[in-house]
There are 2 protein chains.
Amino acid sequence: MGLVVQKYGGSSVADAESIKRVARRIVDTTKGGNQVVVVVSAMGDTTDDLRDLAQQVSPLPPARELDMLLTAGERISMALLAMAIHDLGHTARSYTGSQAGVITDSVHGKARIIDITPGRIRQALDDGAIAIVAGFQGVSQDTKEITTLGRGASDTTAVALAAALGADVCEIYTDVDGVFTADPRIVPSARRIARITSEEMLEMAACGTKVLHLRCVEYARRYQMPVHVRSSFSTREGTWVIDTPPDDKDGQTMEQAIISGVSHDRSEAKITVVGVPDLPGKAAAIFQAVARAEINIDMIVQNVSAAATALTDVSFTLPKTDGVIAMSTLEGIKDAVGFQSLQYDDQIGKVSLVGAGMRTHPGVSATFFEALADAGVNIEMISTSEIRISVVTRAADVDAAVRAVHTAFGLDAEETEAVVYGGTGR
Amino acid sequence: MGLVVQKYGGSSVADAESIKRVARRIVDTTKGGNQVVVVVSAMGDTTDDLRDLAQQVSPLPPARELDMLLTAGERISMALLAMAIHDLGHTARSYTGSQAGVITDSVHGKARIIDITPGRIRQALDDGAIAIVAGFQGVSQDTKEITTLGRGASDTTAVALAAALGADVCEIYTDVDGVFTADPRIVPSARRIARITSEEMLEMAACGTKVLHLRCVEYARRYQMPVHVRSSFSTREGTWVIDTPPDDKDGQTMEQAIISGVSHDRSEAKITVVGVPDLPGKAAAIFQAVARAEINIDMIVQNVSAAATALTDVSFTLPKTDGVIAMSTLEGIKDAVGFQSLQYDDQIGKVSLVGAGMRTHPGVSATFFEALADAGVNIEMISTSEIRISVVTRAADVDAAVRAVHTAFGLDAEETEAVVYGGTGR
C-alpha cells in the first residue's frame, strides 16, 4: 500500500460538478490500495473575488486581515470536497493549514513554510480516512496568526506535506498534461516531457515555465520527493520530476535528453543605470539599495567602461511588478552614487534553453545563438548556468525565438499532442 | 472608560457599503472612550449560499464538514470589517471562534458553549485594538474540531463573550428598533418596549418573538449581563433587557408594566395520540420515545378519560421541522403502547401574553380569554406559567388574536413608531 499526496488547483474544483469529478478520482486512488492526502486550492475565481471585496472595503487592507479573508477560499473548497467524497461512501476529513500543522514564518501574504507537524493528518490516515488539506495557508510559529504562502503555493504545500509524511509520490493535478518542451500555445509541436530531473525543472520554473511553482520544485529536490505533474481531466501519464526514475534505480538505462525544453518569460522589465562612475563600490551601492527594497533581480550586465569618461552603464532585469519601487529606490541614491540617469524598459522578454546534457555536449550555445540569428532575433543580454542559456530579447520577438530554438534542437514532435484546457489555478 | 460588546447581524454587513457603515459606528463607539469587542455574523445570504453549495455536492453532508464550510462565512465578514476599521485609521484584529476561545461541546451544527477563554481578545484590547470575533462558531473541547452553534447563535456568542470579559453592556444590533409589544407587521400600533426583565424576555423569545435568540437571553440572565437591542440603521435607543436598570439601582422607581407584550408563533405543529389506554405509564412511554428522538415538545394536553372506554387522547405541540421524525417514532411504539391512531395538524398557531405583572394582578387571564372570545377565536390548548399565558388556535386566527389581545391590554400606541427594515440576520 502506498501513500499518495494529490494536489488539485482551483480550475479542477471550480464548481460542484468539478468537485464531484475530483472526488471520484480520489476515491479511485484509494481503491488502488493507497492512502490519500489531498491538498486543494480555492474554487475557480474565489481568491480573486475575495481580493475584489477587500478592495471595495479598503484600498490598502492590512496583510493579516487579507490572509484571514483569503483563507476562507480553501476552507470552502476543502469542506465541499470532503462532502463529495463522503457522498461516494468514503470517509474524508478536511483540515485547515493550521490544523494540518503547516507552520510558517510571520510574513503575511508570502509566508514561507518552516516546518510541517502533520499529527492530525496521520491520525486521519490511521483512522482510514482521506485527509483533505487547505493549500496556500499555514499558521505562524511565533504569533499563531493565520498566514498565506503567496500565489502558486498550494503546490508547495503539497510537496512539503508529502515530504513530512514520507509519501511515495506527490501528484500535482493541473489543467495541462504535464510539462512540455515549450509552451504549446506558442509551439504547437511541443512534446510532453516524460521525465525531467529536479535540477532541470528548477531552471525551467525559474525561467518562466509556469506548470510548477519554483518553491515547490525546490522542496521536491531538497526532500527527494518524486513529483508527478498530470492533468485532472485525463488519466494519461504526465511528467515525472524525479532524479532517479523508479524503474531505473541505477540511473544508467534512462535515456537522458540533451535538452529538456525551451522556457520563456514576459513578466520582467529591464532597468539601466546610465553613467555610473567606474569606481569600486558603486555597483555594490546600487544592488544593496535594490536588495533592501526586497526586490529580486535576475540578470545583470555591466558595460565595459569607456576609458575616456570612466563612466559605465549597469543594466539588470527584475519582475515588472517591482518596477515602480525599484525606480524610486534608485532615484533616492542618485546623488550618493553619482550616476547620470535611469532607463526603464518593460517591453523585453527572456528565452531560455534548459538541459542537463549541456554539461557534456559542447556546441549547444553555438547552435542556440545561430538559431536566433537565423530567425532575425536580436540579443540584448545573455546569462548562463551549467545547464541553462538565457537571453533577453524584445518582447515581440519571444514567440519567433522560442519556435526557432525548439526546432533547432530537434524538439518538435511529429504530431501535435498538447492539450491546453484553460487557465491554471494557484 | 467602558467595555462594550457589539453584535451585528448578517443584514447589517450585507455588502461593502454596509460594512463601512458598521465600521464607522464601531469607531464612533471607541471615540466615546470605550473599548469595543464586535461579534459579527456572515454577510447577508452567505450562509444560505454555502448551504446550497453543500446540497449540490452531497444531499446529506457530514455535520463536521458542514460546520467547516459554514464557518467560512464569518471569516469573510470579520476580516472585511477589520479592514474597513483599519481604513478609518483605527486598529482592528479579527478572530475566529476558536481563536477567541469559544469552547463548545462536540455537537456539530448546534453546539453549546461550555466556556469562553478570551485571552487573545483581552490582549487585543490591551494593545489598544478593536477585536472582531466571528459569531456562530467555536471549537470543541475534546476533539478540537470546528463547531457551529446553530442559527441565531451569534447573539449568544456576543452575550457569552460579554460575560466572560466582564463587559458593561452587550449591544445587539439588528434591523428593527428593538423589542415590540407585538410584531409590528401584524399590529402596526405596537410600541417599542424600553425596558424588559430577562425573565419576561425569555418567555417572549420562547413564545416566538424573534428579535433575540432564546439561548442568548438565558446567558444574559445567568450572568446578569445588560443587553441593549437596537437598530444598526439608527442611533435611537432600543430595548434594554435588564433586571435592574442602570439609573435605578434600588429597583424602586422603574415603572413596571403589567404586561410586556404579545408573542406569536406559527412554527409549531400538533400531534394527537388517539385512544391511549388510561393506565399508568402509557403517557410516559409516549414522551420517553419522543425525547429519545431528541424532539423538544412544547405544550401537552391530556383529555379527561371517557370512563366507559378507559381510553384517553394525548395532544402535544412540537416544531414543525420535527414532525416527520416524531410521527414515525410514534408509529414504531403503536403496538407497545396500544393506542389507536395518530393525528398530525400543522395549521395551528400559538399566541402568548407575557408580563411579570401577572403575578400580582389578578384578572389578567379573564381579560385575555374575553378578548379572544370577542374576536371569535377558538382556543384549542392552554398553557400558563407565572408570567405567561399561551393558547393554541387555528393558524389563520393568529393575527386577529394578537390584535385583540394587544388592544385589550392597552398596549396600542397613539402613533405608529415601528420601522421594519428587512429580514433579520442569524
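How many Å separate the centres of domain 1 of chain A and domain 2 of chain A, taken over C-alpha atoms? The separation of these two centres is 32 Å. This is a predicted model, in which local features need pLDDT of at least 70 and side-chain atom pairs count only at pLDDT 80 or more, while totals for chains, interfaces and linings use all residues. Residues are numbered from 1 along each chain as its sequence is written, and chains are lettered from A and ligands numbered from 1 in the order in which they are written.

**Domains of chain A**
- Chain A is divided into domain 1 (3-251) and domain 2 (260-410), with bounds from an automatic or database domain assignment.
- In domain 1 of chain A, 17 residues are in contact with 19 residues of domain 2 of chain A; contact requires that the C-beta atoms of two residues, placed from the backbone, lie within 7 Å.

**Contact between the chains**
- Chain B and chain A each bring 27 residues to their contact.
- On the side of chain B that touches chain A, α4(B) provides the largest share, ten residues; helices are DSSP runs (H or I, at least four residues), as are strands (E, at least two), numbered from the N terminus.

**Relation of the copies**
- The same surface serves both copies, as 100% of the contact residues of chain B recur in chain A.
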